[in-house]
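Student: I have a structure open and would like to go through it with you. Could you start with the terms we will need?

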Amino acid sequence: MSRVGGPALVRGPARRRTSVAVLARWWRGGAATLVFLLPMLLVFGLFSWWPIARTVVMSVQDTNLVGPAEWVGLDNFRTVLADPLLPVALRNTAVFAGIAFVVGYPVPLVMAVVFSSLRRLRGLYAGLAYLPVVVPPAVAVLLWKTFYDASPDGVFNTVLGWVGLGPVPWLESASWVLPSLVMEATWAAAGGTVIIYLAALTSVPQELYDAASADGAGVLGKIWHVTLPHLRPVLLITLILQIIGTAQVFLEPYLFTGGGPSHASLTLLLLIYEYAFGSTTGGGAYGPATALSLMMAVGLALLSWAYFRLTRGWSD
Amino acid sequence: MAGEVGGTPTQDTLRSPIALWPNGPDLSILSQAWTELGLSSYLVNTVIIAAGSWAVQVLVATTAGYALSVLRPRLGRVLYGAVLATMFVPIVLLLVPLYLTVLSLPVVHWSLVGTYAGAFLPAGASAFNVVLMKRFFDSLPREILDAARIDGAGPYRLFWSVVLPMSRPVLGVVSVFAVLAAWKDFIWPLIVLPDPAKQPIAVRLPSIAPATDLSVLLAAMAISAALPIVFFLLFQRLFLRSEGLEGAVKG
């Protein structure tokens, strides 16, 4: 660094850099600039921009990979909207997101608040909470599948048996399957959010807690009047991110149940996958798959827009 | 955790599922899983995909960040906006058209389906990486860059000998998350690599699970989770700090 920086201090023009030098460098470096932009243009162009543009086109085409694509207008959208499985998938996805909001959303918040109140070993607990995030999701699902064994000897049912409950048909009953999936998904994802909250909590001035104590606030009072208001902007963002994430839940239903029992865990993304690559239907229905993707994307965009409009004034 | 139940014979696992080591750890089950299931070839696949994913992500992020932050071409703002916009497109929207693109690349009509490149190249289109790199380069002291230019360093020299050596911290963040994401990925390699012989271990395990002895399967799961866990323990600080960073950027 000093080898580079040293002589420049001796030479005069370094002080008169700014616009002229930058502009000159820009013109002379024209080819180089293109070389440096090339990887981004190629990779984003091929694997991001082009597929995004293509979605819109494909949703109004019949693409069967054999012959040339045919324009079919809104037929793909009609096919999807007439599919009796669409309301089922929509309902399941909404229920999954709903349970994840009620049960899963508070979990990392509670963990972060508890961890940050610890005097010692805070890092250890944060690390342990984060550990599931690094486990490959496919492995995590396989592990939880053994836990969810419906027989009385299954891991969770054994534990429930100790307190006289169960056995619960975790993945085998239509009413239990979605809560079971939410439980695993919460375990798998909570750690990342815990870290975000912990980072936000480190910036709460200690004086605020001291002042709250002086005013006679207990532990809950301090959490309610100091911690939560401080976290509000972060909480608003993690909430919409979680809603967007849970609306696209795929891995859990795909690996745990394949959408069963009798479509009780069929989600929107699983339906898209079934249209395009599914084994039961034969797949290949790329038109309906992109039409549903597009409707979902527009729906999520509208939802986020409405959410940010609604909550605009709440952040501060 | 998978690591703790990895060494128990099936009978014990079934009889007393809560006990960690009913009969004491039996490490032979790990080697049994390794040879019986042929894990080594799936691990090699995983390593190839993770390495490729790391390479393409670092290449795209550093060059794009450098061009947008330091070289500042005339259309830089537009390009940066186009990169940022992809952050707001849900992954779901991309799945099918991305598959069809990889099946037949535009203009050249090559198919990357069934190739490792098809599995790892799309990972390079990470807007988050580009934003992270550009912001880091933006924060580098301009005096040093200008000094190097005055000393006659061209754009390539400036990139390779000045900017990159100063970027170790952010390169670490991008690298660790790139490798981990590739190791965890399931749905994309599943779609793009139909041949089981080329699939990474995370994709392979669920398909061999039904026909595999439970204790052997648990051992295999422990093996496939071991590397990311060791990785995490090694780079713990990076993870626990950067995740907050990610939240800040998303915000």
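Student: OK, where does H109(B) lie, then?

Tutor: H109(B) sits in the loop that runs between α6 (91-103) and α7 (116-120) of chain B, and its phi is positive, about 60°, although it is not a glycine.

Student: And is H109(B) buried or exposed?

Tutor: H109(B) is exposed, because there are 8 other C-beta atoms within 10 Å, and 12 or fewer count as exposed.

Student: What about H263(A), what is its phi?

Tutor: The phi of H263(A) is near 65°, again a positive value in a residue other than glycine. H263(A) belongs to the loop between α13 (251-257) and α14 (268-277) of chain A, and it is partly exposed, with 16 other C-beta atoms within 10 Å.

Student: Switching to helices: why would you call α8(B) largely enclosed?

Tutor: Because 9 of the 12 residues of α8(B) are buried, the helix is largely enclosed by the rest of the structure; among the buried ones are V130(B), V131(B), L132(B), F136(B) and F137(B), and K134(B) is also buried.

Student: What span should α8(B) have?

Tutor: At 1.5 Å a residue, the 12 residues of helix α8 (residues 127-138) of chain B should span 16 Å, and the end C-alpha atoms are 16 Å apart, which agrees.

Student: Now the two chains: how many residues are in contact?

Tutor: On chain A, 71 residues are in contact with 74 residues of chain B. Helix α3 (residues 30-58) of chain A gives the largest share of chain A's side, 18 residues, and by class that side has 54 nonpolar, 12 polar and 5 charged residues.

Student: How is chain B divided?

Tutor: Chain B has domain 1 (1-37 + 212-251) and domain 2 (44-195), with 7 residues of domain 1 in contact with 7 residues of domain 2. On the domain 1 side, α14 (214-234) and α15 (236-250) of chain B are the elements that give two or more residues, and the residues of that side divide into 6 nonpolar, 1 polar and no charged.

Student: Last one: which element of chain A has the lowest mean pLDDT?

Tutor: That is helix α1 (residues 2-10) of chain A, at 41, whereas helix α5 (residues 85-104) of chain A has the highest, 93. Over residues 1-15 of chain A the pLDDT is below 50, and this stretch has 19 contacts in the model beyond near neighbours in sequence. Where pLDDT is low, the predicted coordinates should not be read in detail.

Notes
Residues numbered from 1 in each chain as written. Chains lettered and ligands numbered in written order. Predicted model: local features only at pLDDT ≥ 70, side-chain atom pairs only at ≥ 80, totals over all residues. Helix = DSSP H or I, 4+ residues; strand = E, 2+ residues; numbered from the N terminus. Nonpolar A, V, L, I, M, F, W, Y, C, P; charged D, E, K, R; others polar. Domains from an automatic or database assignment. pLDDT = per-residue confidence, 0-100. Expected span 1.5 Å × (residues − 1). Buried ≥ 20, exposed ≤ 12 C-beta atoms within 10 Å, placed from the backbone.
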